[in-house]
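Hi,

Here is the structure I promised to pass on.

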Amino acid sequence: LLIGVLILSVLLVGRVILHTVRVPPGWDFQALWLYGHVADAGQNPFLPGPYHALAGPGPFVPDFQQEVLDVGSVYPPPTLLLFATIGWLPLKIAVVPWMILQTAAFVGMIVLLRKIFLPEGGWERTALVIVLALLLPGTVATFGHGQVNFLAVLCVLAAWRYRDKAWGGIFLVGAAIVKLLYGFLWLYPVLRRRWRAVAGLA
C-alpha cells in the first residue's frame, strides 16, 4: 500500500512540475525571473521603469502590473543574485534549470528530514517521509508556482542539523537570503548561546 501511494504521489507532483515547465506561471516564477532579468540588464531593480521596458507586451496574470511592474523588486540585493542566475535566459528556457534546482532542493529536504527526525529504520520510513512531503499542499503549490520555498526550508533544516557549528549560522544566512522573513531565526543561536553558529552568522 505504501509503495502504491508513493508512486501515485510521485506521478501527481511530477505532472505538476511538467505543467510548470510547459507553461511558466505568472505567479511566482515570471515575477522572480523578471527581477533577475532586470538585474542582469544592469538596470535598477528597485524602480518600476525597467520592468515596464523589459517585461514585454504580456499578457500578464491579474494584478501583475500593479504588484510587480509598478513596484519593482521587493527582494533585497542578495536575493536578486539568486534570480539573476536565470534572468539572462529567455523565460521559457529559464524555467527548466529553475525547476531542476527546486527539485534538487526538495530531495535535499527529504534527506535532511530523514536524518534529523527518523535516523533509524529502513526504507519504509524513508518512503513515508517522501509521501508525506509530496502530499503537503505547500509542496504542490511551490512546484506549481515555481516558488523558492524548498530552498529556504532546505537551509533551515541544514541550520538545525549543524546548529552547534559555524555552518549552522551560515545556513541561517542562506535561508534569510532566499526569504527575508527567516531572518528572525538568527535569534535562536543567540538566545541558546550557540556561539559557533553565531560566528557563522557574521
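Below are my notes, going from the whole chain down to single residues.

First, some ground rules. This is a predicted model, so local features need pLDDT of at least 70 and side-chain atom pairs count only at pLDDT 80 or more, while totals for chains, interfaces and linings use all residues. Residues are numbered from 1 along each chain as its sequence is written, and side-chain values use heavy atoms, with hydrogens and water left out.

**The whole protein**

The protein has twelve helices and zero strands; helices here are DSSP runs (H or I) of at least four residues and strands are E runs of at least two, numbered from the N terminus. Read from the N terminus, the order is simply α-α-α-α-α-α-α-α-α-α-α-α. Taken along the principal axes, the box filled by the C-alpha atoms is roughly 55 × 45 × 25 Å.

There are 202 residues, and 40% of them count as buried. Buried means under 20% relative accessible area, exposed means over 50%, and partly exposed is in between (1.4 Å probe, protein chains only). The accessible surface is about 11,100 Å², with 70% of that belonging to carbon and sulfur atoms; areas come from the Shrake-Rupley method with a 1.4 Å probe, and for residues only the protein chains shown count as cover.

As for contacts (heavy atoms within 4.5 Å), take those with a separation of 6 or more: residues 24 or more positions apart account for 69% of them.

On charge, the protein carries 14 positive and 8 negative side chains, and the centres of the two sets are 14 Å apart. Lys and Arg count as positive, Asp and Glu as negative, and His and the chain ends are not counted. Each charge is placed at NZ of Lys, CZ of Arg, CG of Asp or CD of Glu.

**Two surface patches**

Patches are built from residues with over 30% relative accessible area and no salt bridge, joining like charges within 9 Å and nonpolar side chains (Val, Leu, Ile, Met, Phe, Trp, Tyr) within 5 Å. A salt bridge, in turn, is a side-chain nitrogen of Lys or Arg within 4 Å of a carboxyl oxygen of Asp or Glu.

The positive patch on the surface brings together Lys115, Arg161, Lys165 and Arg196. Lys115 belongs to helix H6, residues 91-117, and is partly exposed at 46% relative accessible area.

The nonpolar patch covers about 550 Å² and is made by Ile3, Ile7, Leu8, Leu11 and Trp123. Its largest share, four residues, comes from H1. Leu8 sits in that helix, which spans residues 2-22, and counts as exposed with 59% relative accessibility.

Asp28 is part of helix H2, residues 26-40.

Asp63 is not a glycine, yet its phi is positive, at about 70 degrees. You'll find Asp63 in the loop between helix H3 (49-54) and helix H4 (64-69), where it is partly exposed at 44% relative accessible area.

**Some buried residues**

Arg114, also in helix H6, is buried yet has no salt bridge; Glu124, the nearest side chain of opposite charge, is 7.2 Å away. Leaving aside neighbours within four places in sequence, Arg114 is in contact with Pro119, Glu120, Gly121, Gly122, Arg125 and Thr126.

Ser73 lies in the loop between H4 and helix H5 (77-87) and is buried, at 10% relative accessible area. With neighbours within four places again left out, Ser73 contacts Tyr35, Pro45, Phe46, Tyr51 and Leu80. Its C-alpha atom is 8.9 Å from that of Leu32, 41 residues away along the chain.

Thr142 is in helix H8, residues 137-145, and is buried with 4% relative accessibility. Beyond residues up to four places away in sequence, Thr142 touches Gln147, Asn149 and Phe150.

Lastly, Pro189 in helix H11 (residues 187-191) counts as buried at 2% relative accessibility. The C-alpha atoms of Pro189 and Gly169, 20 residues apart along the chain, are 7.8 Å from each other.

Cheers
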